[in-house]
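My entries follow in the order in which I looked things up.

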Amino acid sequence: MKIRSAKVIVTCPGRNFVTLKIETDEGLTGLGDATLNGRELAVASYLTDHVIPCLIGRDPQQVEDIWQYLYRGAYWRGGPVTMSAIAAVDTALWDIKAKAAGMPLYQLLGGKSRNGVMVYGHANGADISETVDEVAKFLDLGYKAVRAQCGIPGLPSTYGVSKDKMFYEPADADLPTENLWSSEKYLDHVPQLFERLRDKFGFGPHLLHDAHHRLTPIEAARLGKSLEPYRLFWMEDVVPAENQAAFRTIRQHTVTPIAIGEIFNTLWQCQTLIEEGLIDYIRATVVHAGGITHLRRIATLADIHHVRTGCHGATDLSPVCMGAALHFDTWVPNFGIQEYMTHTPETDAVFPHSYWFEDGYLHPGDTPGHGVDIDEELAAKYPYSRAYLPMNRLQDGTMYNW
Ligand SMILES: O=C(O)C(=O)C[C@H](O)[C@H](O)CO
Ligand SMILES: [Mg+2]
């Protein structure tokens with residue numbers, strides 16, 4: 001079998017998605033997600049200008065060799081653009097391999113380890129009361145786990161709190177919006193939210209929270225301690241992780257479980273976190289962490305150190321990534337949870353898929369491959385439209401983390 005052609009499809013059915021489609025001389029096709037929120041065209045160019053010419057004529061069944069060829073062979077290693085491009089190739093090749101075998105992808109990975117993939121939904125509100133109401137809606141829909149984010153008194157806007165509740169879209173403007181941040185105000189408010197949530201819903205539902213990399217290690221330790229009575233499933237991205245050793249401070253002070261990794265793209269970015277047992281959940285996922293081939297290595301290292309998976313699954317990851325992630329989640333022995341923000345009906349129409357939600361769990365379906373397709377005619381009706389994630393400044397104007 002040989003790769004006959006490959007192309008990049010950029011479409012914007014409400015938000016931008018970059019998809020790689022690989023076709024073989026035997027008429028099989030495979031799809032991979034290459035979407036990098038706010039930097040989409042950089043990955044599209046990396047694929048079209050630098051990767052696709054090297055793929056033509058290769059045997060698509062040599063998934064591992066092609067991964068090594070693109071990773072080691074490029075000389076320049078890692079980084080979100082490169083690794084999203086490699087992920088797209090890898091996902092498309094696994095899709096082809098599974099289709100050639102006539103099997104759903106989870107079978108090739110090692111078969112089912114569970115009957116369904118537990119997911120968490122996103123509830124957010126302008127204030128505590130609204131957030132409590134939004135959590136109730138997710139629980140009514142059958143979710144077993146809900147992430148809760150809330151507006152902070154004294155701050156005019158907060159990332160993660162949106163007007164459109166079900167279809168929250170993180171990239172919100174033609175040029176980046178600038179939000180204001182105060183760790184002091186945040187640290188005072190968040191424990192009150194979780195106190196109200198536990199009062200209202202008890203300890204049955206899993207509750208999660210995302211700090212979007214905004215705290216210092218000692219502030220993160222304080223957050224973890226103050227949330228301990230409410231027994232969170234996890235607190236996420238409490239500090240940026242360029243300095244992995246900084247997590248030792250957080251770990252020494254709190255037993256609130258820690259999740260991080262949605263912006264990681266290689267094993268090396270989480271090696272210390274995993275090997276020293278500084279985290280509980282690794283959030284890396286297929287599209288930004290080098291595809292199934294590399295994510296599998298991260299998960300295997302994590303398993304040895306009692307770290308479980310919690311793949312990123314926001315709406316800027318396309319249904320192609322979600323489909324592949326669900327096959328991975330169905331197999332991976334140390335599965336923890338999967339994030340699930342539902343895509344809009346427009347996006348679902350462009351990407352017909354076989355996965356489905358029922359009673360708090362997603363199921364990948366049994367279609368050969370990863371089970372996600374693209375309607376190219378429909379995709380062509382939605383041209384690229386530039387959009388950025390918001391940025392974050394302290395109240396005195398200092399540029400800050402997010
Ligand atoms: O889904 C999450 O946990 C996020 O933090 C969402 C991210 O901000 C979003 O996917 C960025 O592209
Ligand atoms: Mg996050």
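Predicted model: local features only at pLDDT ≥ 70, side-chain atom pairs only at ≥ 80, totals over all residues.

**Ligand shell**

Asn 37, Pro 170, Asp 210, His 212, Glu 262, His 312, Ala 314, Asp 316, Glu 339 and Leu 389 surround ligand 1. I then sorted this shell by class and noted four charged, three polar and three nonpolar residues around ligand 1.

**Overall fold**

I next looked up the secondary structure and found 13 helices and 15 strands in the chain. The radius of gyration is 20 Å, close to the 21 Å that the globule rule gives for 402 residues, so the chain is as compact as a globular protein of that length. For the extent along the principal axes, I noted that the C-alpha trace spans about 60 × 45 × 45 Å. Of the 402 residues in the chain, 48% are buried. I also checked contacts between residues at least 6 apart in sequence, and 74% of them join residues at least 24 apart.

**Nonpolar core**

I turned to the largest nonpolar core, which has 110 residues. Within this core, Leu 20, Leu 47, Val 89, Ile 279 and Val 286 touch the most other members. Helix α3 (residues 80-101) gives the most to this core, namely eleven residues.

Finally, I looked up the contacts of Val 89, leaving aside its neighbours within four places in sequence. Val 89 is in contact with Leu 20, Gly 32, Val 51, Leu 55, Ile 66 and Leu 70.

Key:
Residues numbered from 1 in each chain as written. Chains lettered and ligands numbered in written order. Near = placed C-beta within 6 Å. Nonpolar A, V, L, I, M, F, W, Y, C, P; charged D, E, K, R; others polar. Helix = DSSP H or I, 4+ residues; strand = E, 2+ residues; numbered from the N terminus. Rg over C-alpha atoms; globule rule 2.2 N^0.38 Å. Buried ≥ 20, exposed ≤ 12 C-beta atoms within 10 Å, placed from the backbone. Contact = placed C-beta atoms within 7 Å. Core = buried A, V, L, I, M, F, W, Y, C linked by C-beta atoms within 7 Å.
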